[in-house]
Amino acid sequence: MTARIERVVTEGVVTIDGAEHKVENNTWIIGDDAEVIVIDPARDAETILSEVGEREVLAVVCTHGLPDHVGGAIEVAARDEAVIALNRKDRRLWRETWQETYPDIDMEDEGLFGVADVELEVMTTPGVTQGGVCLYVEALGVVFTGKTLLADGPGKVDGEYPALADQLTAIGERLFTLPHDTRVLPAHGEETTVGDLEPLFDDWLSGSLTGQTTAAAEGPLADGTKVSGIKLGLDDD
C-alpha cells in the first residue's frame, strides 16, 4: 500500500446569506509520490499546490458546492488539466462561486475514483446541501465526510441544519454502517472515528441537536422551511 493522506488547513472569510463568517477548512490530498486527488480545495490554491508539489493532480473532488470548499478548485485543477467532480445537485451552489464554468464530472452514488493503489467510492449524503457526498476508501479505512459529519456531530450552514432529517438519514444509513474504526476526515476540524460518534446517534434522533423532538424538528413551516433548518433553494439549474 503506497497511498497516503495529507491535510492542508486554510482559513478565510466566507459570506452566506449576506453574513460573513471566519472559517478554517480542511483540504485533503490522497495519493502517492507520483499522483494525487485533491478533495475540497478551499480558497488558498497556492498553499494546496505547494503541498502537492511535483505530483500530478488527477482530479479535484468537491464533496459539496459551498463557496469556502470550492474556492481553489479551478486553480488547483488547471495546473495539471485535472478534472473537477461535483454532484449535479450542487451545480447552482457552484455557480455562485464560479459563474462561467461547470464541473467536468457529475458524481453519482457508488461512483469510483482511482489514485495510486486505492479507490474512492462516492456515497451520496444529502442534508447540508442537496448534492453532498462522502468518499469512502475501504483500503485505507477512511471516509472523507465533507460537512455531512464533523468531529462534534452533523455539520451546519450558518449555524443551522438545512435538512436535518435527510442528513441524519444519510449518516445513519451510509456512514454509521461502516466499520467502527473507520477514520472520519471532515471538511472542518479534527478527525474522529465512526465508533466515537455512532453512540451519539440516538440522541441526535431524539432532538438533542435542536432542542426539539424529532417529530417537531421535521415539521414544515408555512413557507416549506423545516423548523430544523433553512431554505437554501439548491435545485438544479
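Contact, in this talk, means heavy atoms within 4.5 Å. What you see above is a predicted model, in which local features need pLDDT of at least 70 and side-chain atom pairs count only at pLDDT 80 or more, while totals for chains, interfaces and linings use all residues. Residues are numbered from 1 along each chain as its sequence is written, and side-chain values use heavy atoms, with hydrogens and water left out.

I will start with V61. Setting aside neighbours within four places in sequence, V61 is in contact with I37, V38, I39, D40, P41, A85, M107, F113 and L135.

V61 also belongs to the largest nonpolar core. A nonpolar core is a set of buried Ala, Val, Leu, Ile, Met, Phe, Trp, Tyr and Cys residues joined through side-chain atoms within 4.5 Å. Buried means under 20% relative accessible area, exposed means over 50%, and partly exposed is in between, using a 1.4 Å probe and protein chains only. This core has 20 residues, and those that touch the most other members are I30, I37, I39, V61, F113, L120 and F144. Which elements give two or more residues to this core? They are β2 (19-31), β3 (35-39), β4 (56-61), β7 (112-115), β8 (118-124), β9 (133-137) and β10 (142-146). Helices (H or I, at least four residues) and strands (E, at least two) are DSSP runs, numbered from the N terminus. Another core, of 19 residues, lies apart from this one, and its members include A45, V57, C62 and W94. As general background, nonpolar side chains in soluble globular proteins tend to be buried together.

Next, D40, which is found in the loop between β3 and α1 (45-52). Beyond residues up to four places away in sequence, D40 touches N26, T27, V61, C62, T63, H64, H69, G146 and A187. D40 is buried yet has no salt bridge. A salt bridge is a side-chain nitrogen of Lys or Arg within 4 Å of a carboxyl oxygen of Asp or Glu. For charge, Lys and Arg count as positive and Asp and Glu as negative, with His and the chain ends not counted. Which side chain of opposite charge is nearest to D40? K147 is, at 9.6 Å.

Now the salt bridges themselves. Side chains of opposite charge can pair when their charged atoms come close. The count comes to nine salt bridges. R88 and D106 meet in one of them, at 3.4 Å from N to O. This pair links distant parts of the chain, with R88 in the loop between β5 (83-87) and α4 (91-97) and D106 in strand β6 (residues 105-107), 18 residues apart. R88 counts as partly exposed at 38% relative accessibility, and D106 counts as partly exposed at 30%. Salt bridges that share partners also join R4, E6, D33 and R55 into one network. R4 is partly exposed at 34% relative accessibility, whereas E6 is buried at 16%.

On to the aromatic rings. Rings of Phe, Tyr and Trp (its six-membered ring) pair if their centres lie within 6.5 Å; planes under 30 degrees apart count as stacked, over 60 as edge-to-face and the rest as tilted. The count comes to five aromatic pairs. F176 and F201 form an edge-to-face pair, 5.5 Å centre to centre with 90° between the planes. Why does this pair tie together parts that are 25 residues apart in sequence? F176 lies in the loop between α5 (164-175) and β13 (183-186), whereas F201 lies in helix α7 (residues 201-205), so the pair connects those two parts. F201 also forms an edge-to-face pair with W204, 6.3 Å centre to centre with 80° between the planes. Both F201 and W204 lie in helix α7, three residues apart, about one turn of the helix. F201 counts as buried at 13% relative accessibility, and W204 is buried at 6%. F176, F201 and W204 form one aromatic cluster.

Last, helix α5. How many of its 12 residues are buried? Nine are, and α5 is mostly covered. The buried residues of α5 are L164, A165, Q167, L168, A170, I171, G172, R174 and L175.
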